[in-house]
Amino acid sequence: MALNEDFGKPARNRPRRYTSRTFLEDCPDRIAEIFHYWDRIRRDRRMPCRADFDPAEVVRHLPSVLLIDVEGVDDRGCAILRYRVVGTEEVRLRGHDPTGKLVSEGFLGPSLESVMEAYELVRRERCFLYEEIEFTTSAGLWRREYGILMPLSEDGQTVSQILVYSLPRDALDEE
């Protein structure tokens, strides 16, 4: 299902989101590469497990990778999310390293609500999510990014981690 119909015409701070493979028709090559890798390692399962992910196979992508632990749910039923791995490019873009912090303390995106909405969709539906976002950072910088969130599961049923890969759109113009 492509979600952008549900979101209507995207506003500056409203992401365009897709949960179907239609995003592959015009996403950046690097996003497609990491998605195809995730898709390959999951084989016939809904989600791969963390042990299936071999960083040596995606070395060129590692600076833009995030690995988020799902530590459970709070009293509202929302995920408690913590940064386990934060790539060097992600640290540079944030201006700090959020490794070990809760997502609510170190997120980069339009708003905490928007970021958590994306993670919750991936966790609850156990699906990937591709998004195109635009936002102003806390430092006042305008950001335009492509991102993909892909679930990992240790038991094949419950999302235990979320693999995130994002690219600033402006960087692609420089290639």
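A: Exposed means over 50% relative accessible area, buried means under 20%, and partly exposed lies in between (1.4 Å probe, protein chains only). This is a predicted model: local features need pLDDT of at least 70, side-chain atom pairs count only at pLDDT 80 or more, and totals for chains, interfaces and linings use all residues. Residues are numbered from 1 along each chain as its sequence is written, and side-chain values use heavy atoms, with hydrogens and water left out.

A salt bridge puts a side-chain nitrogen of Lys or Arg within 4 Å of a carboxyl oxygen of Asp or Glu. The structure has 18 of them.

Take arginine 92 and glutamate 89. Their closest N and O atoms are 2.7 Å apart. Both sit in helix H3 (residues 88-94), three residues apart, so about one helical turn separates them. Helices are DSSP runs of H or I with at least four residues, strands are runs of E with at least two, and numbering starts at the N terminus. Arginine 92 is exposed at 54%. Glutamate 89 is partly exposed at 21%.

Salt bridges with shared partners also join Arg17, Glu117 and Glu131 into one network.

Next, arginine 84 and aspartate 69. Their closest N and O atoms are 2.8 Å apart. Arginine 84 is in strand S3 (residues 79-86) and aspartate 69 in strand S2 (residues 65-73), 15 residues apart. Arginine 84 is partly exposed at 49%, whereas aspartate 69 is buried at 11%.

Glutamate 132 bridges to arginine 16 at 3.8 Å, N to O. Glutamate 132 belongs to strand S4 (residues 129-136) and arginine 16 to strand S1 (residues 16-18), so the pair ties together parts 116 residues apart in sequence. Glutamate 132 is buried at 14%. Arginine 16 is partly exposed at 30%.
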